[in-house]
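The following note collects comments for a colleague who is examining the model. Please read the numbered points alongside the coordinates.

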Amino acid sequence: MPLNKQAIIDFVESTQLRDDLPEFKSGDNISVHLKIKDGNKTRIQKFEGLVIRVRGSGLGKTFILRKETLGVNSEITFNYANPNVVKIEILRKGKVRRNYLSYIRNLHGKAARIKSATTASSKKKVA
């Protein structure tokens with residue numbers, strides 16, 4: 001039985017996929033631990049922020065992380081299967097109704113906060 005091209009691509013990708021990283025979605029606050037090479041030394045740097053978008057699947061899965069520091073916004077697009085990503089920690093689950101939070105780019109400070117999914121679910125149980 002001959003294999004088609006997609007079956008071969010899926011087989012090669014399955015050997016390179018990572019299963020040690022947690023699943024997260026848009027609106028979550030996460031911390032990404034990156035391996036950075038400075039000359040001959042390597043160090044691990046944390047990048048904490050809000051996930052604006054998660055798109056793709058397999059080896060092409062990417063996510064955009066937004067961070068605001070001292071009034072300066074920075075966004076980094078990470079590949080989910082990047083070997084330089086040491087680990088990802090989910091700091092807080094967010095409750096959003098969209099997959100792509102582009103409107104967050106125009107907001108700063110307190111206005112850019114996302115409701116927490118844990119407090120929203122606990123309020124329903126109490127009421």
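1. A polar contact of 3.1 Å joins the side chains of Arg66 and Asn73; a polar contact is a pair of N or O atoms within 3.5 Å, where within protein one must be able to donate a hydrogen and the other to accept it, and residues adjacent in sequence count only if both atoms are side-chain atoms. The model is predicted, so that local features need pLDDT of at least 70 and side-chain atom pairs count only at pLDDT 80 or more, while totals for chains, interfaces and linings use all residues. Residues are numbered from 1 along each chain as its sequence is written, and side-chain values use heavy atoms, with hydrogens and water left out.

2. Arg66 belongs to strand β3; helices (H or I, at least four residues) and strands (E, at least two) are DSSP runs, numbered from the N terminus. Arg66 is buried yet has no salt bridge, and the nearest side chain of opposite charge, Glu68, is 4.0 Å away. Here buried means under 20% relative accessible area, exposed over 50%, and partly exposed in between (1.4 Å probe, protein chains only). A salt bridge is a side-chain nitrogen of Lys or Arg within 4 Å of a carboxyl oxygen of Asp or Glu. For charge, Lys and Arg count as positive and Asp and Glu as negative, with His and the chain ends not counted.

3. Which residues line the largest pocket? The lining consists of Asn29, Glu48, Gly49, Leu50, Arg66, Lys67, Glu68, Arg92, Gly109, Ala112, Arg113 and Ile114. The elements that give two or more residues to this lining are β2 (41-55) and β3 (62-69). The volume of the largest pocket is about 240 Å³. A pocket is an open set of points on a 1 Å grid over the protein atoms alone, where a 1.4 Å probe fits, with protein on both sides within 12 Å along at least five of seven lines; lining residues have an atom within 4 Å of a point. By class, the lining holds 3 nonpolar, 3 polar and 6 charged residues.

4. Ser26 sits in the loop between α1 (5-16) and β1 (29-38). Ser26 counts as buried because its relative accessibility is 4%. A polar atom of the Ser26 side chain lies 2.5 Å from the backbone oxygen of Asn99, and one lies 3.5 Å from the backbone oxygen of Ile52.

5. The count of salt bridges comes to 7. One of them pairs Glu23 with Lys61, the closest N and O atoms being 3.2 Å apart. Glu23 lies in the loop between α1 and β1 and Lys61 in the loop between β2 and β3, so this pair ties together parts that are 38 residues apart in sequence. Glu23 is exposed at 54% relative accessibility, whereas Lys61 is buried at 15%.

6. Glu75 and Arg105 also form a salt bridge, at 2.8 Å from N to O. Since Glu75 lies in strand β4 and Arg105 in the loop between β5 (85-92) and α2 (117-126), the pair ties together parts that are 30 residues apart in sequence. Glu75 is partly exposed at 34%, and Arg105 is partly exposed at 32%.

7. A further salt bridge, 2.6 Å from N to O, joins the side chains of Asp38 and Arg43. Asp38 is partly exposed, with a relative accessible area of 40%, and Arg43 is partly exposed at 39%.

Methods: Grid points are joined across faces, edges and corners, and a volume is the space filled by probe spheres set on the points. Ala, Val, Leu, Ile, Met, Phe, Trp, Tyr, Cys and Pro count as nonpolar, Asp, Glu, Lys and Arg as charged, and the others, Gly among them, as polar.
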